[in-house]
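Please read it alongside the structure.

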Amino acid sequence: MNKRRKALYVYISVFIFGMIGFSSLFYFLLHKNSAIITEATVTIVDKEIESEFPGLHLQTVSEENSLYTISMSIPKHENENLNDLFEKWVDQEKQSFMKTMENEKHTLTENNMAHLNIKFETVKVNENLYSIVLTADQYIGDKQKQTNVQPFMFDINDGKTMGLEDIFNVDDSFTTEVTEAIQQSIAQDEGLKGEINESKLNDKLTDVNELKIALKEKSLHVYFDQHEIASSQYGHVDIEVPLNKLEQYLKENITLLVKKEQDKKAAKEKPKKKKKEKSKSKKDKKQKYIALTFDDGPSPEITPRVLNTLHEYDVKATFFMLGSRVDYYPSIAKQVADEGHEIANHSLWHPDLTKLSYKQIEKQFEETTEKLENATGYTPTLIRPPYGAFNKNVEAFAEKGEYAIVLWTVDSLDWKAPNKQFVYQRVIDGVTDGSIILMHDIHEVTADALPEIMETLVKEGYQFVTVSELLELLEEKGPGPIYGKM
């Protein structure tokens, strides 16, 4: 009898624990995506580091897991009230993104991930008046779900925000002038005019004080979110109104300051620099050559650490820089060039170029080239599309501008690396003769891993060259795209 009872107890226990295990597995599978969405690796770099703009700092935040990525460049100001406005908008966009993922979670996979990209543009209108334009792009896989824009105008000294009535004398005449200028700008844009919902536009123009605006050096920009006045396929709308159409309405102190700043810029204008001639390589082609590349900088914390390691091994690398970061840290960009490294173009704000028009792609690279010329004296001949994403428009721009599109053969995945050993192993396992290695000089783990990477590659007999030198050795010519030796 006791044996039967014991056997019965065993069967019952196995059954109960089996049901618990099955229930747990079923619950996990049912809520798999929801659980993953709440777990992420977060990296913050360049927090509260002084920049070229007084009182302004740059913070970069990255979050990632197997189903989504978040990449945010966020402005920080020493004035807490202004800072709170930035943070409130960013938090709002993150919440919107999480809601989008919740609605789309049944579609999310490692091959169809969600992405949130928040970036900003800083414009110095004059010594005191600045404009910052924040943009948030949401994607599910390749599909753009939403783009929102939020401009801020403020006094750099005290952080006080400014509106339309602080800049212009707003009356009925001004309202009419602005409204007509916006409508005229739309009518002249062949790609936009057929996408506009006239009823929605007219509703938005009933009160010009409610428009989202940013004053730049020579124009007033009016912004509308995606879906707000145009078809969803078009994305967000940025309408440019030439300042000379509104100059008579500018308040006197603003007029003088804007004119003074423009005169100052005109006086500094120099003839366009010529691209540096590529030096003829005298390398021994029997050797094993590789090119190290670093994207997304410059960073005032990480880039100098990378440079120190490269100097220790007497190695020259290629740095694909973002124009928006060069704006903030031109001295670091100059340091890279002064130490003999190759300067290359990685776009202005790191957008997915396949989502942009040809004109927007042109702006991304040409404005970055100008910033690189001003900071380093070097005119780049190489471009790298963010995310490695390119299309016919990117190829057409490269061919017209005599650039080479450069991608990579080894991806270190340092942007999501859990530790320096992961980065080290990715590079060492993937490298071969003719490789172009992708890293980023904005992540601490990259700077941590680089000394050991260099030591191993030197021991294995690799010779280090810039990308331009490698292309010459591989006899690669034209706009590309070029990956290195596969």
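1. Isoleucine 186 is in contact (heavy atoms within 4.5 Å) with Leu192, Lys193, Ile196, Leu201 and Ile239, leaving aside its neighbours within four places in sequence. The C-alpha atoms of isoleucine 186 and isoleucine 196 are separated by 8.4 Å, the two residues being 10 apart along the chain. Isoleucine 186 lies in helix α5, residues 172-188; helices (H or I, at least four residues) and strands (E, at least two) are DSSP runs, numbered from the N terminus. Isoleucine 186 has a relative accessible area of 5% and therefore counts as buried. Buried means under 20% relative accessible area, exposed over 50%, and partly exposed in between (1.4 Å probe, protein chains only).

2. On provenance: this is a predicted model, in which local features need pLDDT of at least 70 and side-chain atom pairs count only at pLDDT 80 or more, while totals for chains, interfaces and linings use all residues. Residues are numbered from 1 along each chain as its sequence is written, and side-chain values use heavy atoms, with hydrogens and water left out.

3. For the protein as a whole, there are 16 helices and 18 strands. Of its 486 residues, 49% are buried. Among contacts between residues at least 6 apart in sequence, 68% join residues at least 24 apart.

4. Proline 242 is placed in strand β10, residues 237-242. Not counting residues up to four places away in sequence, proline 242 touches Lys218 and Ser219. Its C-alpha atom is separated by 9.5 Å from that of serine 185, a residue 57 positions away along the chain. Proline 242 counts as partly exposed because its relative accessibility is 34%.

5. How many salt bridges does a search of the whole structure find? The search finds 14, a salt bridge being a side-chain nitrogen of Lys or Arg within 4 Å of a carboxyl oxygen of Asp or Glu. One of them joins lysine 76 and glutamate 87, with the closest N and O atoms 2.6 Å apart. This pair links distant parts of the chain, 11 residues apart: lysine 76 is in strand β3 (residues 68-77) and glutamate 87 in helix α3 (residues 80-104). Lysine 76 is buried, at 7% relative accessible area, whereas glutamate 87 is partly exposed, at 31%.

6. The side chains of lysine 212 and aspartate 225 also meet in a salt bridge, at 2.8 Å from N to O. Lysine 212 lies in strand β8 (residues 212-215) and aspartate 225 in the loop between β9 (219-224) and β10, so the pair ties together parts that are 13 residues apart in sequence. Both lysine 212 and aspartate 225 are buried.

7. A further salt bridge is formed by lysine 105 and glutamate 102, whose closest N and O atoms are 2.9 Å apart. Lysine 105 is partly exposed, with a relative accessible area of 26%, and glutamate 102 is partly exposed at 41%.

8. Glu165, Asp166, Asp207 and Glu210 form a negative surface patch. Patches are made of residues with over 30% relative accessible area and no salt bridge, like charges being joined within 9 Å and nonpolar side chains (Val, Leu, Ile, Met, Phe, Trp, Tyr) within 5 Å. Lys and Arg count as positive and Asp and Glu as negative, with His and the chain ends not counted; the place of a charge is taken as NZ of Lys, CZ of Arg, CG of Asp or CD of Glu. Aspartate 166 is in helix α4, residues 164-167, and its 34% relative accessibility makes it partly exposed.

Notes: Areas by Shrake-Rupley, 256 points an atom, 1.4 Å probe, with all protein chains shown as cover.
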